Amino acid sequence: MKNNHTRLKIATLSLALLCSITKAQTNKKAEQFKLPQGFNISVAADDVGRARHMAITTDGAIYVKLARPVDGKGIILLEDKDGDGKFNQSSGFGNYGGTGLYIKDNYLYASSNSEVFRYKLDKDQRVVDPSKPEKIVTGLIDRRQHETKSITLDNNGNLYVNIGAYSNSCQEADRRAGSPGRPDCPILDSAGGIWRFKIDQLNQSYNNGSRFATGLRNVVGLDWNQQDNSLYVMQHGRDQLDMFSQFFNSKQSAELPAECMYKLKEGDNAGWPYMYYDPFKKKKMLAPEYGGDGTKEANNKFIDPVVAFPAHLAPNGLLFYTGSQFPERYKNGAFVAFHGSWNRAPQPQEGYFVAFVPFANGKPSGEWEIFANGFAGVSVVNSPREAVHRPCGLALGKDGSLYVSDDTKGTIFRITYNKNSK
Amino acid sequence: MKKILYSGLLFIAFFALKTVTAQTKKPLAKPSATTNINASIQRGKAVYATLCVACHQVDGGGVPNLNPPLIKTSYVLGDKKRLINILLNGMQGVDIDGETYSNVMPPVSQFSNQQIADVLTYVRNSFGNKASAVTLTEVNSLRPKK
């Protein structure tokens, strides 16, 4: 307990110090981490690279996928051999950048921005031969917009891969003021949805995978909910509604649309690019590219979100908490790591925190709340580059600790609970 | 030693003279190049706020990995023709000073040539940049009509 406390103090102190150095000129006050009572946050590892998603072994070691390889290594293994809570890099492999990483049944699954590989694990869940992964998916679209491929698995031998739309809203000219939407958006044939593949077949692509769900602009955070045996995803909602300035001003553009959590069944359509979700009206609205004006509702065939979060916060990690370290109300609830917004300028940017949504019987049982805040290191983020850390991936430690990755400074945070600590 | 002192004095004298002439000149002259540039910067600031700010941010710092900064990049400070063409034609998939960016720069051809000159003059004289103005004539030569 005391130990954790000191660690938090050191973490906050060093963060404060760091911020006071980097922010000295702008004269902003460094903010401390804020968590509910009893929770502690500490730094498990630092400067590991652009840390995206993570996967944790049965003995508590952490694999981290890097957006860009460091010294030719796109996946690194962090171990805490002496159990002091500080992790060191013990190996690295996989000469490709990417986001997705997942461990299931003694395989480590990892994605680049166009392929998915799997590595056989030994009894300690260490990769047997880092140089010889099986390439299970190949040839996925990567057009340098929403190009990351997040992954998760179900319990029936299927792999789910996000293929983000290489566009903001399927306009004739992407992100150009007033440009209309392309009829019957052709992007959806090969992107803007979740594709499903088999975990044990080599070299699958569009021809032997299937489009599991469509109408999702881009998903980075996703997880398989073991309680109701379903796929849940977090969509990054569209940007720049004020490209249609006759209908939307910059404030509306900053606050619309919601970042939505969806529960997906096979064949579902979440409506991108034809609609966006208005969290104030709590309605599905017709997109201005397709005749909308901020008041017309969209076709009701599109599915409703499970949770609607504020606009543009960029949810990059989703994890249903199945550990037993945290208090009972967290059990089976959803943690969401928000990378933080950029599309709210000239208003201050928002997000840069980890949120929590309580769940019961496969449904949210309360409002979402901010769980862990202070990653940005400044009280107001006026420009995204001011944020010291940006939360990205989430992973569950075997002892029930929650790990949060940061792809800006490359810090891996560990959140623990002790009911006696303050 | 003497020589250095002497040339130093000369230097100071030269600048003193220069400021005096500049000061005396000011009220006489018609809108000078500097007041023109200041007016252009002011107009350009307003153009920046309507569109560019969304991606390149209030401080011109951009968004890491997504939208490039407009601070002392080789494009902002470099060849003006190339810079004007980025606004007229847009840009995607090009590395900027060794970094990649996962977003698109839309063509902003809805703006008038004057607005394009103004916003680029603003960018070239903000966020720590200091470079010559982009003039209407220069934009006209690349897009004759508007």
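Which strands of chain A each supply at least two residues of the lining of the second largest pocket? They are β2 (51-56), β6 (101-104), β10 (151-153), β14 (219-225), β20 (315-320) and β26 (391-396). Strands here are DSSP runs of E with at least two residues, helices are runs of H or I with at least four, and both are numbered from the N terminus.

This is a predicted model, in which local features need pLDDT of at least 70 and side-chain atom pairs count only at pLDDT 80 or more, while totals for chains, interfaces and linings use all residues. Residues are numbered from 1 along each chain as its sequence is written, chains are lettered from A and ligands numbered from 1 in the order in which they are written, and side-chain values use heavy atoms, with hydrogens and water left out.

Start with the empty space. Rolling a probe the size of a water molecule over the atoms shows where it is left. The search uses a 1 Å grid over the protein atoms alone. A cavity is a set of points where a 1.4 Å probe fits but cannot get out. A pocket is an open set with protein on both sides within 12 Å along at least five of seven lines. Lining residues have an atom within 4 Å of a point. Grid points are joined across faces, edges and corners, and a volume is the space filled by probe spheres set on the points.

The second largest pocket holds about 650 Å³ of space. It has 28 lining residues, and the closest to its centre are A:Tyr102, A:Ile103, A:Asp223, A:Leu319 and A:Leu396. By class, 15 are nonpolar, nine polar and four charged. Nonpolar means Ala, Val, Leu, Ile, Met, Phe, Trp, Tyr, Cys and Pro; charged means Asp, Glu, Lys and Arg; the others, Gly among them, are polar.

The structure has two cavities of 30 Å³ or more. Of its 31 lining residues, B:His56, B:Pro68, B:Leu70, B:Ile86 and B:Met105 are the closest to its centre. In chain B, α3 (52-56), α4 (74-77), α5 (80-89) and α6 (113-124) each give at least two residues to this lining. The lining counts 24 nonpolar, seven polar and no charged residues.

The second largest cavity has a volume of about 100 Å³. Its lining has 14 residues, with A:Gln235, A:Tyr262, A:Met275, A:Tyr276 and A:Tyr277 nearest the centre. The largest share, three residues, comes from β17(A).

Strand β26 of chain A also belongs to an open antiparallel sheet, in the order β1-β28-β27-β26. Its edge strands, β1 (39-45) and β26, each pair on one side only. Pairing requires at least two DSSP bridges between strands. Inside the sheet, β27 (residues 402-406) and β28 (residues 412-417) of chain A pair over four bridges. There, A:Tyr403 stands opposite A:Arg414.

Last comes the interface. Contact means heavy atoms within 4.5 Å. Chain A gives 21 residues and chain B 28 residues. About 2000 Å² is buried between them, 47% of it from carbon and sulfur atoms. Buried area is the accessible area (1.4 Å probe) that two parts lose on being put together, summed over both. A:Arg144, A:Trp342 and A:Arg385 supply 34% of the area that chain A buries against chain B, more than any other three residues.
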